[in-house]
Amino acid sequence: MMRRLFPCLVALELLAHPLAAQDKAVDVLVLSSHSASSEWQHIMTPPMDTLAQERPDLNIVFSHLPFISYDSVQSLEHDRDSVLDLHALPPRLVILLGGSCFSFAPHLQERWPGIPMLLVGEQDYYCDLDYTLHGPGSPSANRYPIAALKEKGLNLSLVCAPPLVRRTLEMILRVQPQLEKLIFVAGENYLSKERQWRLEQLLRERYPQLSYQAITSADATTDQLLTILEQERGPKTAVYFGSWLVREGYWQSYSTRHNTVSLIEHITPVYTLFANDLEKHPYVVGFYSYSQAEYNRTVRQRILDVLDLGIEPREIPFSYMQTGIPTLNYRAMEHFDLDPALIPRDAVVFNRPQTLWEAHKGQIMWLCLILLLGMGAYTLFVMGRSLRSLRQGRIMAENASKMKTAFIQNMSHEVRTPLNAITGFSQLLCMPDGYISDDEKAEYLSYIMNNSQLLTVLVNDMLDIADMENGRYAIHETPTNLNEVARLAIKAVEYRIPAGVNLIRKPGIPEDALYVTDGMRVQQILINFLTNAGKYGNGTDIVIGSSLTETPGYVTFYVADHGPGVPVEEAESIFERFIKLDHTKQGAGLGLSICRMVAQSMQGKVWLDTGYTEGARFILAIPAKEA
């Protein structure tokens with residue numbers, strides 16, 4: 001159905017162009033032997049596309065006559081003439097894109113005598129039309145040189161971009177020196193069978209020791225292709241992929257090329273013809289091709305030579321893209337256990353791990369330049385740097401001295417307060433009998449005891465901080481009953497809790513459960529929490545509880561009161577040294593800082609529950625390592 005509709009599609013394509021069907025000559029008419037979606041079309045047309053963007057004043061019209069879709073010479077010639085009939089005036093330049101349609105040149109000369117023509121394709125010859133459409137490749141086919149047409153007076157020039165079959169084979173043998181068999185995968189299209197013919201001729205002449213097999217889409221299905229390749233795994237086999245186009249059902253199958261490559265690239269080393277194969281297929285080993293940039297420049301310049309400079313194509317020498325560039329895929333070579341050391345020095349390598357120089361070449365060069373300049377200026381700045389270093393050292397020493405002085409002043413104040421209380425009440429107790437009552441003596445003794453305990457806490461806190469900073473703070477983990485630890489912590493603070501305040505315990509741990517931890521350090525943290533709750537809770541009840549579910553993977557303790565609480569914005573700062581939100585309360589502001597350091601040394605954590613709004617709720621979580 002599509003074959004019968006093709007003349008209509010050609011007409012619609014040209015009529016869609018604003019100038020194609022008018023009586024005004026177009027600047028460039030491109031007759032392509034490939035479909036608009038073919039891989040060769042994407043390779044061959046970029047210079048025309050670029051020129052159309054750069055020069056909107058040029059009218060460039062494309063017409064695609066995909067040769068492989070035709071079943072007869074007559075239908076192809078009919079569609080060709082239908083395209084040409086749409087142009088009442090001859091174009092300023094006709095480009096024949098693809099070796100299949102080079103045979104159109106004599107017909108164009110007859111239709112438009114002296115018409116400028118530029119032939120762009122793989123070959124510098126053309127074959128009979130029926131050979132381009134039907135049958136396998138043949139060394140005896142008629143191959144007419146393009147140069148002979150020029151000698152006959154046709155106004156043409158040629159840009160030849162050959163597939164470089166010989167250099168591709170040399171590259172394959174370079175990276176697979178143990179190669180024993182080469183498989184050529186070919187389609188039914190003209191270019192594919194010409195590559196096959198060239199490859200077979202090269203193998204006969206130069207590499208007769210290589211085993212060779214051609215698998216064509218005319219004789220095998222994709223499943224049969226996969227079955228054959230599965231039996232040829234290993235570095236001793238290589239696949240040279242030319243095409244997998246089939247004539248029957250072409251309009252449904254021309255886009256299956258990449259699908260076929262995707263199926264076979266994992267099986268055995270595959271080499272193709274196109275640069276974007278390595279971009280789309282991670283395990284295609286490589287290809288050998290001319291410079292696409294050189295090709296683009298050459299075609300663009302030939303078009304402008306004719307259109308802008310008025311040079312006749314017959315005066316332009318033929319151009320051959322002979323500068324080959326080997327391109328290899330490092331990842332694919334590793335996949336097939338091919339030695340990357342065999343990659344040619346001049347090769348372009350995809351997916352190669354970058355060396356330090358390749359990854360940071362620009363930065364390294366700039367760094368070297370900066371170092372050279374810096375060495376030249378070093379003697380001028382060394383004294384300045386030394387003076388700045390001395391000045392910074394003096395500032396740091398002054399800051400350290402100020403911090404030391406502030407620390408001593410803070411601790412002196414904190415130590416002096418309980419010492420003064422102990423001294424004062426001790427003097428009162430030494431008064432003569434009868435001067436103070438027994439009740440007063442008991443009260444004074446409790447004051448002395450409380451302040452002695454406060455002084456002991458201050459000294460212990462200082463020793464703990466010193467041990468932690470010097471790396472002498474030790475954790476001794478043993479199987480521990482954490483319920484007993486909580487009870488001991490409550491006992492230790494009962495006499496320091498204000499009268500009327502109830503200590504409520506809510507255990508959430510099985511009574512006989514043992515956990516591997518340092519019970520003394522856990523008790524130290526809980527005592528600090530309980531002491532703070534008694535100090536800042538404004539006489540409210542204190543709850544000490546535990547849980548195995550609040551923090552998964554941890555044993556969690558909490559101490560909560562119903563006092564004024566802590567502002568959310570201060571939830572972290574209270575764990576810093578010497579931070580006290582209420583300076584009327586006794587203490588140096590070291591307790592919570594020490595709690596956090598102790599918890600971290602046990603791989604635990606301490607924090608303020610900011611979601612608790614009925615006062616303050618402090619939480620300790622330690623790893624739940626059951627004994």
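1. Arg 206 is partly exposed at 44% relative accessibility, where partly exposed lies between buried (under 20% relative accessible area) and exposed (over 50%), with a 1.4 Å probe and protein chains only. Its salt-bridge partner is Glu 170, with the closest N and O atoms 3.9 Å apart; the term needs a side-chain nitrogen of Lys or Arg within 4 Å of a carboxyl oxygen of Asp or Glu. Glu 170 sits in helix 8 (residues 165–175) and Arg 206 in helix 9 (residues 190–206), so the pair ties together parts 36 residues apart in sequence. Helices (H or I, at least four residues) and strands (E, at least two) are DSSP runs, numbered from the N terminus.

2. A word on the source: this is a predicted model, in which local features need pLDDT of at least 70 and side-chain atom pairs count only at pLDDT 80 or more, while totals for chains, interfaces and linings use all residues. Residues are numbered from 1 along each chain as its sequence is written, and side-chain values use heavy atoms, with hydrogens and water left out.

3. Asp 27 is buried at 8% relative accessibility, whereas Arg 92 is partly exposed at 36%.

4. Next, a glance at Gln 123, which is placed in the loop between strand 4 (117–121) and strand 5 (125–127). Gln 123 counts as buried, at 0% relative accessibility. Leaving aside residues up to four places away in sequence, its contacts include Phe 102, Leu 158, Tyr 190 and Arg 198; contact means heavy atoms within 4.5 Å.

5. Do look at the open sheet of five strands, with order 17-19-20-22-21 and mixed pairing; two strands pair if DSSP finds at least two bridges between them. Strand 17 (503–506) and strand 21 (605–608) are the edge strands, each pairing on one side only. From one strand to the next, the twist averages 15°. Helix 20 (residues 519–536) packs on the sheet, and its direction makes about 175° with that of strand 22 (617–623). Axes are lines fitted to C-alpha atoms, for helices over the stretch in contact, and angles run from 0 to 180 degrees between N-to-C directions.
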